[in-house]
Amino acid sequence: MQATSTTDQTETHAAAPVTARSRSWRRVFDDISRAAHQRQLWAHLGWQDVKQRYRRSVLGPLWITISMGVTATGLGLLYSTIFNMDASEYVPYMTVGFIIWYFISGCLTSGTDVFIQNEGMIKQLPAPISIYVFRTVWREFLLFLHNLVIYFAILAIFQPELSWTVFSVFPALLLLVINAGWVVLLFGIVSTRFRDIPPVVSSFMQLLFFMSPIVWPMSALEENAGPRAWLAQINPIYHYVDIVRSPLLGSNQDLYHWLIVLAITVGGWALALLMMRNYRARVSYWV
C-alpha cells in the first residue's frame, strides 16, 4: 500500500503542471541573468570538466591538441593526394575546418545531455538552469582554444597569405558561441523530455560531418556536382564553418554566409527561449 502511494506521488510530481506564473518571460530572462552573474561557478565547473577528462595523465589537456594535430596531419596529407590539391593549401583548409567542427559537434552532442548529466546538481542546488548551459558552452570553448594552437602551427609551417579580413574572425567566433548557447539550451530541454534524442543526434553526427565541407573543398563539389552543388547551401554547418575558416585562411568570403548565420541565430534563440519559457519549470521533474 505504501509502495503504491509512493508511486502515485512520483507520477504526480512527474506530471506536475506548469503554472501560468512560471510561464513568464520575466522568469526566463531572470534565470539567464542570474546565471550570467554566477560566472565564477560555471567557469570553474567547465574548467574542472576539462581537467577531469585527462585526470592522472602527464600532459593533461594538451592531449586535446596532440590528438587533433596528429589527425589533421595524417588526413590532410592523405586527402590532399585524393583531391589532387597542393598540401600547403589543403592541410590548412582541412585543419581549420576540423577545429571548428569539433566545437560545433561538441555543443550538439553535449547539449543533448546537459541537464541529464547534471541531474544531481539540479535536484540539490537551487540554481538557474542556464548555469549548466553556460558550463557546457564554456567547456567546449576551452577545448576549442586548445585546438586553436594547431592553427598557429599551421601559420608557421605553411604561411598562408592573410589580409586585414582576418580580424572578422572575432565577430564570427562570437556568433559561433552565441549560437552554441541556444543549441545547448534547446536540445537540452527537448532531450530531457524525450530520451531518444541523444542517440538520434549521435547517430546523425557522422552523416552531418561528411555532408559538410570539412574534408572536401567546396570547389570540388561545384566542379563535379554542377547544378546540384546548391544542395550544400542548405546545410547550415557550411555557413558556420565558412565565416570562421575563410578569415583565418585569408580567403574571400561572401556576405550571404553572415546573413544566413544571423537569421539562424535569431530564429534559434527565439525557439530556445520559447521552449525555456514553457518548460523551464519541468526540467527538474524530467531529469
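Start by selecting Trp25, Phe29, Leu271 and Leu274, which together form a nonpolar patch on the surface with about 370 Å² of accessible area. Helix α2 (25–37) and helix α12 (255–279) are the elements that give two or more residues to this nonpolar patch. Helices here are DSSP runs (H or I, at least four residues), strands are E runs of at least two, and both are numbered from the N terminus. Areas come from the Shrake-Rupley method with a 1.4 Å probe.

This is a predicted model, where local features need pLDDT of at least 70 and side-chain atom pairs count only at pLDDT 80 or more, while totals for chains, interfaces and linings use all residues. Residues are numbered from 1 along each chain, and side-chain values use heavy atoms, without hydrogens and water.

Now click on Leu274 in helix α12. Leu274 counts as partly exposed because its relative accessibility is 36% (buried is under 20%, exposed over 50%, partly exposed in between).

Next, go to Asp49 in helix α3 (residues 39–53). Is Asp49 buried or exposed? At 18% relative accessibility, Asp49 counts as buried. Show Arg139 too: its side chain makes a polar contact with that of Asp49 at 3.0 Å (a pair of N or O atoms within 3.5 Å, one able to donate a hydrogen and the other to accept it).

Finally, zoom out: the chain has 13 helices and 0 strands, and 44% of its 287 residues count as buried.

How values were computed: Buried < 20%, exposed > 50% of the residue type's maximum accessible area, 1.4 Å probe, protein only. Patch = residues over 30% accessible without salt bridge, like charges linked within 9 Å, V, L, I, M, F, W, Y side chains within 5 Å. Salt bridge = Lys/Arg side-chain N within 4 Å of Asp/Glu carboxyl O.
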